[in-house]
Amino acid sequence: MRIVVLGGGFGGMATVRHLERVLRRHADVEITLVSRENFFVLTPLLFEACSGSLELRHCAQPIRAALRRARFIEATVESVDVDRQLVRAVAAEGGVYSLPYDHLVVALGASTNDRLIPGSSNALTFKTMADALVLRNHLIERFERADATADAAQRCECLTVVVIGGGLVGVELVGELTAFVDDVLRYYPRIRRHEVRFRLFEAGPRILPEVEAKLAETAARVLQRRGVEIQTSAAVRWIEAGRVRLDSDTIDAATIVLTAGIVPSAVASAMPVLRDHRGRIAVDATMRSRSHPQVWALGDCAAIPGPDGRPYPALAQHAIREARHLAGNIKAVGDGGAASGFMFRSLGTMVSLGHTRAVARVFGVRLTGFPAWWLRRTYYLFQMPRWDRRLRIVLDWTVAVFFRPDITRVDLRVEREQVTQARQFVEKSMEVARSAQPGMALPATSSNAMPRMAEEAGQGASNRGSMR
Ligand SMILES: Cc1cc2nc3c(=O)[nH]c(=O)nc-3n(C[C@H](O)[C@H](O)[C@H](O)COP(=O)(O)OP(=O)(O)OC[C@H]3O[C@@H](n4cnc5c(N)ncnc54)[C@H](O)[C@@H]3O)c2cc1C
């Protein structure tokens with residue numbers, strides 16, 4: 001039997017790990033996991049990776065390290081031929097995989113909904129590790145700019161952060177960003193805290209529709225005390241570069257982050273199987289496609305009916321439980337038995353607000369402040385598959401308590417551009433030297449000598465720049 005799992009996120013990783021466990025005596029079963037990146041991201045810790053209280057890589061786990069016998073392929077799934085039962089995936093270097101399956105598990109997740117508001121491509125998103133890094137760099141750069149200018153309008157724009165979408169991700173993000181800014185302001189004595197504006201826009205009547213109204217009110221109060229301006233029933237109509245437009249207002253902001261909902265993975269939505277009105281794969285309670293029994297789906301890209309007929313929410317805690325059940329169902333079907341329906345009652349919801357504060361309802365108990373924050377952190381720490389990663393996370397958290405925040409801005413794109421420019425500079429200098437003295441022997445023609453020279457030339461170039 002060949003089982004192919006698509007997506008190395010919460011749903012896909014947990015499915016493969018449970019399959020490995022329940023099928024450990026079935027040596028004839030091949031399990032293959034295909035994912036775009038070779039790591040799994042613990043998204044609830046992304047906020048801290050953005051603020052710097054956690055090293056970016058530590059909110060991720062290398063997939064290979066967490067697998068026992070499953071084969072892992074790092075590739076982007078392009079399409080699924082459900083009639084021939086073949087997955088087509090393409091690796092970064094261009095290699096094409098054609099993977100046959102007997103059972104296909106689709107756990108390709110979702111992406112930020114950029115179809116809702118025109119101009120969404122002008123906003124940053126917050127879904128991946130790259131998003132967290134880009135936002136962090138972007139904020140630090142805006143602080144540097146604000147620090148360097150006396151122009152009031154420019155300072156105001158640089159120091160205004162707009163978050164669009166007051167759901168779980170938007171609220172947690174704005175909470176963590178207030179903590180981040182309070183921490184880093186000690187490095188920018190020319191910037192006053194009141195100059196930094198956080199604006200959270202929510203189209204619905206209240207923030208945090210995922211939690212009960214009372215908790216949402218508490219969260220709103222905590223954020224407002226830190227200066228976050230929350231506007232509900234405020235639909236953003238248009239996003240431009242550095243500007244958002246509402247019905248009655250236009251706001252200039254150098255940082256605009258879009259967290260207004262998700263859409264299922266484009267590949268899952270394009271699969272020729274039955275889907276719901278939002279493009280999610282329509283499955284029955286056993287998580288089997290309603291149109292193609294060899295296809296199973298879970299997580300954010302699947303519409304799994306709960307006991308009341310409504311689909312389960314797009315949350316990690318659900319994806320993890322779904323995965324365990326789905327693996328058991330595949331084993332049952334493989335053994336000639338029947339799959340059973342998935343039923344899960346949420347354990348509760350926890351919302352971090354940064355600054356060691358959170359709100360939560362867990363097993364019916366309402367928690368706020370530090371206990372809620374501690375519980376959330378501890379719960380997600382144990383969702384990291386391996387102990388080595390958990391230990392690194394705890395070390396990062398401990399270091400963050402005792403030391404100043406790190407505002408190093410690592411921008412690989414800029415670094416690469418600088419190396420390229422330096423390399424071009426060296427090549428040009430060599431060209432000039434050659435034409436001046438045709439017989440001269442030039443040292444650095446070997447490919448490994450070139451980067452070193454380029455670096456040195458880059459150093460020289462930047463020194464010259466600073467002397468001007
Ligand atoms: C910032 C943030 C914070 C969150 N916090 C919480 C929280 O506190 N609690 C909670 O319960 N939920 C939280 N969530 C929601 C949670 O992350 C999702 O519900 C969960 O990740 C869904 O799991 P999944 O397996 O369906 O998708 P994902 O975990 O997103 O995994 C999808 C995987 O598929 C891969 N993939 C996608 N397309 C392709 C392709 N074409 N080819 C190959 N691979 C592909 C992706 O790289 C990824 O590895 C948060 C989400 C975000 C963005």
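Student: Leaving aside its neighbours within four places in sequence, with which residues is Ala219 in contact?

Tutor: Two residues are in contact if their C-beta atoms, placed from the backbone, lie within 7 Å. By that criterion Ala219 touches Val171, Ile207, Leu208, Val351, Leu353 and Val359, its neighbours within four places in sequence being left aside. The model is predicted: local features need pLDDT of at least 70, side-chain atom pairs count only at pLDDT 80 or more, and totals for chains, interfaces and linings use all residues. Residues are numbered from 1 along each chain as its sequence is written.

Student: How many residues does the largest nonpolar core have?

Tutor: In soluble globular proteins, nonpolar side chains tend to be buried together. A nonpolar core is a set of buried Ala, Val, Leu, Ile, Met, Phe, Trp, Tyr and Cys residues joined through C-beta atoms within 7 Å; buried means that 20 or more other C-beta atoms lie within 10 Å of a residue's own. Here the largest core has 121 residues, and Ala219 and Val351 are among those with the most contacts inside it. Helix α6 (residues 168–184), a DSSP run of H or I with at least four residues, gives the largest share of this core, nine residues.

Student: Where does this core lie relative to domain 1 and domain 2?

Tutor: Domain bounds come from an automatic or database domain assignment. This core lies between domain 1 (2–36 + 75–110 + 263–345) and domain 2 (120–260 + 349–386), because both give residues to it.

Student: What percentage of the residues in the chain is buried?

Tutor: Buried residues account for 39% of the 468 in the chain.

Conventions: Buried ≥ 20, exposed ≤ 12 C-beta atoms within 10 Å, placed from the backbone. Helix = DSSP H or I, 4+ residues; strand = E, 2+ residues; numbered from the N terminus.
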